[in-house]
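Visitor: I have a protein model open and would like to walk through it with you. Could we take it step by step?

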Amino acid sequence: MGIQISNFTKAFGDTVVIDNMNLDIGSGEMIALLGPSGCGKSTTLFAVSGIHNINQGRIVFAGRDVTKLPPQERNVGVIFQSYALYPHMTVAENISFPLMVRKESKAEIKRKVDDIAKLVRIDNLLHRKPAELSGGQQQRVSLARAMVRDPDVLLLDEPLANLDSALRLEMRSEIRRIQQASGITAILVTHDQVEAMSMCDRIAIMNGGKIVQVDTPYEMYNNPVNDFVASFLGNPPIAFLTGAITSGCFVSSEANVCLPLSVGYEDQSFAKIGLRPEHVVLGNPVEPCGDNEVNWAQVCFIEVQGRENLYDLRLADGSVIRTIQPVRSDLKLGDKVQWSVKDKDLLLFQQDGARLYETP
Ligand SMILES: Nc1ncnc2c1ncn2[C@@H]1O[C@H](COP(=O)(O)OP(=O)(O)OP(=O)(O)O)[C@@H](O)[C@H]1O
Ligand SMILES: [Mg+2]
């Protein structure tokens, strides 16, 4: 079931927290609302679920305007960061609760609970109480409880925030598996870019109550519309250098950097360049380095990660860029190396942060 959010505005008192938002979510799609704390992710989710009424705009489920409908008439399943399971009930009773409220038959309830428990892989835990479950198991129960009513939409607000890192990893792929197996339309609220990228078909990145970009994780990572999006995705994050564009090169004289650009960039007195850690190519350490030559840097920190290492480079102006490299046993702390980035890998931005594109 597709969802359309049009011209959605929400204010608390005089403070507008969502400003004229538009977002179309396809049927069976899982989309992430990603952004920093306070940008309005939960507010949007509450509006879709019906918990909040909205000041302006429309929310449409599969062509049906639900803007004025209360939550119980929208058929949405909601999962929050805290699982909110009933402690005195068993897992089976917790999951069946929404069906008992609807006064479904005992046989029907048992069939549905068994089915959903199998899907989320807790069918061996149905007799236990929540206190006898791990965090990940509790999260599965809350997922089962949200889905047992066969909702049209699944809304997840930071569902993994309370799990330790190993469990978070496991539940990330589990929730995605369950969403894909059931074909349910889902909105995931998160401020974790890895979660958004790994679990969702598309990401809507938000800042200050507005959507900045909506795209597939791949497009958003490789083609960010501005420096905010570029810096929000990627770990370690992208590094920025400021300078100018002169005769087809990005030049920063303080940092002693000159990077040739692909054709089509016009001269600019200000430009900001974004360097992804995996795109920086390191040459061999050479001693002494030619101080008059460009693109030299000193290795100022090495973090061993096993399959690859992080090598931090200090440039002439003291700025540091973080790079990911295959393990280089020939490189040690303090070495001077020449570095480069392929022109196709360079991202350029204007003074206001918007992307600077080539003129065709
Ligand atoms: N009931 C409320 N009354 C007044 N202001 C509110 C209310 N709920 C949220 N806000 C404000 O609206 C803005 C958006 O809040 P929201 O909870 O949607 O942020 P969020 O993106 O979910 O952040 P987080 O990642 O911290 O959960 C914040 O500035 C918040 O202080
Ligand atoms: Mg929130």
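Visitor: To start, what percentage of the residues of the protein count as buried?

Guide: Of its 360 residues, 36% count as buried. Please keep in mind that this is a predicted model.

Visitor: How many helices and strands does the protein have?

Guide: There are 8 helices and 20 strands. The C-alpha trace spans about 80 × 45 × 35 Å along its principal axes.

Visitor: And which domains does the domain assignment give?

Guide: The assignment gives domain 1, covering residues 3-232, and domain 2, covering residues 239-349. Their contact takes 4 residues from domain 1 and 5 residues from domain 2. On the domain 1 side, the touching residues divide by class into 2 nonpolar, 1 polar and 1 charged.

Visitor: How far apart are the centres of the two domains?

Guide: The C-alpha centres of domain 1 and domain 2 lie 41 Å apart.

Visitor: Let us turn to the ligand. Which residues surround ligand 1?

Guide: The shell consists of Phe12, Val17, Gly35, Ser37, Gly38, Cys39, Gly40, Lys41, Ser42, Thr43 and His191. By class, this shell has 3 nonpolar, 7 polar and 1 charged residues.

Visitor: Which element gives the largest share of that shell?

Guide: Helix α1, residues 41-49, provides the largest share, with 3 residues.

Visitor: Staying with α1, which of its residues are buried?

Guide: The buried residues in α1 are Lys41, Thr43, Thr44, Leu45, Ala47 and Val48. After the helix comes Gly50, whose phi is positive, near 95 degrees.

Visitor: Why does Leu45 count as buried?

Guide: Leu45 counts as buried because 22 other C-beta atoms lie within 10 Å, and the cut-off for a buried residue is 20 or more.

Visitor: What does Leu45 touch, leaving out residues up to four places away in sequence?

Guide: Leu45 touches Leu155, Asp157, Ile187 and Val189.

Visitor: What share of the contacts in the whole protein comes from residues 24 or more positions apart?

Guide: Among contacts with a separation of 6 or more, such pairs account for 65%.

Visitor: Now the sheet. In what order do the 4 strands of the open sheet lie?

Guide: The order is β2-β1-β4-β5, and the pairing is antiparallel. The edge strands, β2 (15-25) and β5 (64-65), each pair on one side only.

Visitor: How many bridges join β1 to β4?

Guide: Strand β1 (residues 3-12) is joined to strand β4 (residues 56-61) by 5 bridges, and the two run antiparallel. As one example, Ile5 has Ile59 in β4 as its bridge partner.

Visitor: One last helix: how far does α4 reach from its first C-alpha to its last?

Guide: Helix α4 (residues 135-147) has 13 residues and reaches 18 Å, close to the 18 Å expected at 1.5 Å a residue.

Visitor: Is α4 largely enclosed or largely open?

Guide: Because 10 of its 13 residues are buried, α4 is largely enclosed by the rest of the structure. The buried residues include Gln138, Val141, Leu143 and Met147.

Visitor: What covers those buried residues of α4?

Guide: The cover includes strands β6 (76-79) and β7 (153-157), together with helices α2 (91-101), α3 (106-119) and α5 (165-182).

Key
Residues are numbered from 1 along each chain as its sequence is written. Chains are lettered from A and ligands numbered from 1 in the order in which they are written. This is a predicted model: local features need pLDDT of at least 70, side-chain atom pairs count only at pLDDT 80 or more; totals for chains, interfaces and linings use all residues. A residue is near a molecule or strand if its C-beta atom, placed from the backbone, lies within 6 Å of it. Ala, Val, Leu, Ile, Met, Phe, Trp, Tyr, Cys and Pro count as nonpolar, Asp, Glu, Lys and Arg as charged, and the others, Gly among them, as polar. Two strands pair if DSSP finds at least two bridges between them. A residue is buried if 20 or more other C-beta atoms lie within 10 Å of its own, exposed if 12 or fewer, and partly exposed in between; C-beta atoms are placed from the backbone. Two residues are in contact if their C-beta atoms, placed from the backbone, lie within 7 Å. The expected span of a helix is 1.5 Å times one less than its number of residues. Domain bounds come from an automatic or database domain assignment.
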